[in-house]
Structure formats: C-alpha cells, structure tokens
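Dear colleague,

Please find below the sequence and structure that I am handing over to you. A summary of what was found follows.

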Amino acid sequence: MPPPQTTMSVKSDIELHITTPNGDNTDQTFRTIGGSTKDDEELRRLGKRPLLNRGFGFMSILGFSCSALLSWEGVLVTSISSLLNGGPAGVVWGFLINWVGTISVYTALGELASMAPTAGGQYHWVALMAPRSCSAFLSYMTAWMTTLAWQALAVSVGYIIATMLQGIIVLTNPAYVPENWHTVLIIWLAGLFAVMMNSTSSRAIAKFEGLILILHLAGFFGVLVPMVYFAPHNDPAEVFTTFLNTGGWSTQGLSFFVGFPAIAGSLLGADCAVHMSEEIQHAAVVVPRALLFTILINGLLAFAMAIALMFCLVDLDGALGAAETMYYPFLQIFYASVKSITGACVMACVVFVMAVASSVGVYASASRMLWSFSRDRGLPFDRYLVKLTRRALPVNAILTTLAITVLLSLIVLGSAIALNALLSLAIAALFSSYLLVCGLLLWRRTTGAFQPHYNASEVISPGNLAWGPWKLPEPLGVFNNVIACLYSILLLFWSFWPQTTPTTPENANWSVLVWGAVVIFSIVWYIVRAKNYFKGPIKEV
C-alpha cells in the first residue's frame with residue numbers, strides 16, 4: 001500500500017492534513033510569517049504551499065552561505081590531499097580551475113533557482129525539465145543523490161571540527177595521542193551543537209549567520225596577515241611550478257588529477273541557499289545573487305589564502321610530517337610563521353570557530369532537503385520527517401540528520417583517510433545531481449523550451465517552462481551551460497580515485513561503495529515500491 005497522501009487546503013493559516021491508510025486525519029497548523037505575497041505566489045505557481053517562515057534576507061543568507069561554504073578556512077584543511085598529489089603548484093592551479101568550474105555550475109543553478117525557488121532544488125528542476133517518460137524516475141534519483149550529498153557534508157564538517165580540535169591539542173600538548181574514538185565522540189558533540197542551533201527559529205539563525213559573516217571576513221585578515229608577515233617566503237617558482245607525486249602514480253599528470261577533487265571540497269556548500277529558498281524573502285532574485293556573491297567573494301578569499309599558504313610553506317617535509325600527528329599541515333605552518341604556540345593556537349581557533357559555525361548552515365540545508373523530499377513522499381518514514389513544529393521548523397528532519405551523522409561517523413573507526421572518503425562521497429553525490437540538472441537545462445534551452453520571464457503564465461510545469469527574473473543572456477548562457485557540464489563530468493570521474501597506489505583496504509576510497517550502494521538501493525526501491533506513489537513533486541495547490 002502506498003504511503004499516506006498529503007493534501008493541503010487554502011486558508012489564511014497553513015494547514016497540513018495527513019490522511020492515514022485507515023482514513024484517520026491528523027492536522028497540524030502553521031502560520032507563515034515574513035516574506036511577501038509575491039514570494040508565496042511564486043511558490044504556489046510551482047504547486048507548493050508556503051509552510052516555512054521567511055526569516056532570511058540577502059545579507060543573512062549571504063552569511064549563511066559563506067559560513068556553510070567554509071572557503072578560505074576549507075583551503076587550509078583540504079589542501080593536504082592536493083599537496084600530496086600535485087604539490088604547491090597543484091594546489092594553486094587546481095584551485096583556480098575548480099573555482100572557474102564552480103562559478104559556471106552555480107551560475108546555471110542560479111538561473112534555475114530564479115525560475116523555481118523551492119527547497120527541493122535539483123530534483124524539482126529535473127522533474128520540470130526531464131522527458132515525461134522518465135521524469136519521475138530521474139527526479140527520484142536526483143533527490144537521493146542530493147540528500148546523500150548533504151548528509152555526507154554534515155558528517156564531513158563534523159570530522160573537520162573533531163580532527164582540528166585534536167590537532168590544536170597536539171600542538172599545545174605533544175604528549176596527547178589522538179584516538180579514532182575520540183574523533184567520533186567530538187563529531188557527535190558538534191552535531192548536537194548544530195541541532196540545538198537549528199532548533200531555535202529561522203530568524204535567530206539568520207541573525208547568527210549575519211554575525212558569522214563579519215567573523216568570516218575579519219578572521220581571514222586575522223589569519224592571513226600574521227602568517228604572511230612573520231613567515232619566511234618561498235620563491236614564486238617554487239609556488240607556481242613545483243609539482244609533487246607522493247601517491248606513487250605513474251605520471252605527474254595523473255597525480256595532479258587524483259588530488260584535484262580534494263581542493264574542490266573548499267568550494268562545496270554555496271548552494272545551501274537553494275535549499276533554504278522557502279525561508280528567503282524575494283527568493284527568485286536573492287537566491288541566484290547569493291549563489292554568485294558567495295562563490296565570487298569566497299573564491300577570491302580562498303585563492304588568496306591558498307597562494308599565501310604555499311608561499312609560507314618553506315619547510316615542506318615538516319608540514320607533511322605534521323599531517324601525521326596534527327592532521328593538518330596548516331597548524332605547523334602557523335607555528336613556523338609566528339614562532340609561538342599561543343599565537344598559532346589563536347590563529348587556529350579562528351578557523352575552528354568558523355568550522356563550528358559552518359555546521360549550523362550545513363545541518364539546516366541537509367534537514368531542509370530531507371524535509372522537502374519527504375514532503376513529496378520520496379523517503380521512507382516520510383510522515384515522520386515531514387512534520388513541523390509550531391515555529392515551522394523541521395525538527396524531525398534535523399534530528400534524523402544527526403542520527404545519520406552518528407552512523408556515518410563510524411567510518412572514522414576503520415578508515416585512515418576518512419576525510420578524503422567523506423569529501424569524495426559528497427562531491428560525487430552533489431555533482432551527480434549537478435550534471436543531470438545542467439545537462440537537462442542545456443537540452444531545454446537549446447530547443448527553445450523556455451518562455452521569456454514576462455510571458456510566464458500562472459503555473460510553471462513541464463510543458464510550460466519560463467525563465468525567472470535572473471538569467472544569462474544568450475549565447476553566453478549556452479556557453480556557460482556547456483562548461484558546467486564538462487566540469488561536472490571531470491570532477492565526478494576523479495572523485496572516486498584513491499589517494500595512493502597500490503591501494504589497500506586501509507587507504508581505499510570507499511566513497512564509490514557508499515555512492516553505488518545508494519544508487520542501487522534507490523533504483524531497486526523505486527522499481528519495487530516508489531514508482532507506485534512517487535510521481536515527482538506533489539501539486540499541493
């Protein structure tokens with residue numbers, strides 16, 4: 001028997017009526033506050049009722065996206081893999097290529113977010129653009145990939161928080177020996193903090209993220225200036241032309257591409273604004289602008305930090321050795337720069353605080369994706385996950401994200417390269433959805449399926465697509481779309497490769513196993529059960 005259906009009636013208050021298989025009705029009522037009539041009308045044109053509070057404006061969602069992205073802070077963390085496979089030049093040039101590719105992808109996503117600003121994001125867009133014969137199936141697969149990506153990002157941020165804290169402790173007390181079970185417990189504590197923050201209100205989170213944006217920008221200079229000022233510097237040739245191959249690969253080019261996806265991890269998360277669309281005022285314009293401003297500002301900061309880090313990396317062997325004891329070479333670079341444990345710890349604590357703040361935004365986006373997919377009856381236990389509190393918060397989805405983090409964190413107990421595996425999983429899942437979305441967008445725009453924005457009718461549907469108020473002019477839009485597809489294919493392919501060869505169970509990249517298991521499960525579940533009730537995003541109005 002298919003899961004219970006969700007129907008909604010049009011009233012001044014928003015009522016969610018859930019009809020059980022036995023015919024019983026349970027009602028939950030929520031009032032939408034914030035936002036505007038135009039925002040609500042945009043959502044109704046897509047067949048969705050406005051259930052969430054619109055507490056975010058442009059600056060608050062920009063701060064939210066910047067903290068979730070963790071750009072210049074992320075470069076300090078993720079550069080280790082690119083440093084081992086690629087060297088200083090691999091970090092710099094690899095980041096630059098990833099930045100350009102990510103701008104292209106997010107520009108395409110911005111066009112779609114302007115057309116259909118919903119929490120479902122990619123899977124809703126796929127349902128609108130895919131051929132009718134496979135629309136529901138492709139939408140279902142995209143939803144699973146996006147859900148998996150954000151859950152992997154949630155546990156990845158927790159892992160970064162845990163290992164960074166352990167690294168700071170080792171810096172201050174070399175006698176401390178980090179244990180994997182310590183890491184797991186700290187991941188759980190970080191998850192609990194994110195859950196508590198997300199259980200307040202969207203307005204409280206918006207104010208919190210506004211403060212974090214200030215710290216994000218101030219912290220950049222607080223870390224960069226002392227590191228660059230006090231540290232000895234490499235020659236430009238060592239930074240821009242020195243490549244390394246410590247993974248044992250047959251060629252330097254192969255080694256570069258093996259390390260290539262890791263640096264992309266510092267650019268993941270800017271699209272969190274997409275999944276918060278139903279909580280943003282003037283979403284059709286604010287979301288695409290937030291996407292681009294986030295990736296441009298943070299990409300610039302991260303690129304500057306990557307170059308500065310490589311110039312200050314005078315003792316390469318010492319930094320690589322620090323990765324074995326303190327997890328991250330940047331801790332050793334900080335210490336070598338300021339010649340003070342206290343100073344290095346203060347700089348590292350700025351990065352640590354930003355990582356903790358990032359968990360709030362990542363958990364919010366991951367839970368909204370779970371909630372949106374459940375609203376369309378795509379997940380098991382959807383009746384539980386779709387429930388909202390009186391403050392219109394998807395607390396059950398937030399708690400489920402914590403439970404998944406607890407389970408995925410157990411990977412740390414058996415893997416020596418857990419961060420690489422988790423980031424690879426997030427990249428593979430996220431860019432699987434990006435590739436499908438960008439490919440369908442390219443097909444639809446080159447076949448003239450989109451109407452101009454001013455000719456848009458009342459309802460956006462697969463047979464009646466219309467651009468939103470924000471889009472690229474042609475032929476620039478087609479050119480950007482092609483670049484986005486090519487970059488997504490490149491990153492998806494290399495994200496499954498292990499960091500070293502020969503490969504053993506201890507250093508293998510297990511992300512392909514988890515990604516493949518989710519793909520197979522979702523296909524089997526769709527054939528056996530979901531195809532009977534999942535028809536894509538439900539028309540609620």
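A residue is called buried here when its relative accessible area is under 20%, and exposed when that area is over 50%. By that cut-off R445 is buried, because its relative accessibility is 10%. Please bear in mind that this is a predicted model.

Salt bridges

The count of salt bridges comes to 6. Side chains of opposite charge can pair when their charged atoms come close. Three of these pairs are described below.

E111 and R445 form a salt bridge in which the closest N and O atoms are 3.0 Å apart. E111 belongs to helix α4 (residues 87-115) and R445 to helix α18, so this pair ties together parts that are 334 residues apart in sequence. E111, with a relative accessibility of 0%, counts as buried. Salt bridges with shared partners also join E111, R445, K471 and E474 into one network.

K48 and D376 meet through their side chains in a salt bridge of 2.4 Å, N to O. K48 sits in the loop between α1 (37-45) and α2 (58-69), and D376 in the loop between α15 (341-375) and α16 (382-385), so the pair links parts that are 328 residues apart in sequence. Both K48 and D376 are buried.

R368 pairs with E279, and here the closest N and O atoms lie 2.7 Å apart. R368 counts as buried at 0% relative accessibility, and E279 counts as buried at 2%.

Surroundings of S433

Helix α18 (residues 418-446) also contains S433. At 1% relative accessibility, S433 counts as buried. Its side chain makes a polar contact of 3.3 Å with the side chain of Q122. Leaving aside residues up to four places away in sequence, S433 touches Q122, T142, M145 and T146.

The second largest pocket

The second largest pocket holds about 360 Å³ of space. Its lining consists of 15 residues, and W144, T147, Q151, L370 and I404 are those that lie nearest its centre. Helices α6 (135-172), α17 (395-408) and α20 (511-528) each contribute at least two residues to that lining. Which kinds of residue, nonpolar, polar or charged, make up the lining of this pocket? There are 12 nonpolar and 3 polar residues, and no charged ones.

With kind regards

Terms used:
Residues are numbered from 1 along each chain as its sequence is written. This is a predicted model: local features need pLDDT of at least 70, side-chain atom pairs count only at pLDDT 80 or more; totals for chains, interfaces and linings use all residues. Side-chain values use heavy atoms; hydrogens and water are left out. On a 1 Å grid over the protein atoms alone, a cavity is a set of points where a 1.4 Å probe fits but cannot get out, and a pocket is an open set with protein on both sides within 12 Å along at least five of seven lines; lining residues have an atom within 4 Å of a point. Grid points are joined across faces, edges and corners, and a volume is the space filled by probe spheres set on the points. Helices (H or I, at least four residues) and strands (E, at least two) are DSSP runs, numbered from the N terminus. Ala, Val, Leu, Ile, Met, Phe, Trp, Tyr, Cys and Pro count as nonpolar, Asp, Glu, Lys and Arg as charged, and the others, Gly among them, as polar. Buried means under 20% relative accessible area, exposed over 50%, partly exposed in between (1.4 Å probe, protein chains only). A polar contact is a pair of N or O atoms within 3.5 Å; within protein, one must be able to donate a hydrogen and the other to accept it, and residues adjacent in sequence count only if both atoms are side-chain atoms. Contact means heavy atoms within 4.5 Å. A salt bridge is a side-chain nitrogen of Lys or Arg within 4 Å of a carboxyl oxygen of Asp or Glu.
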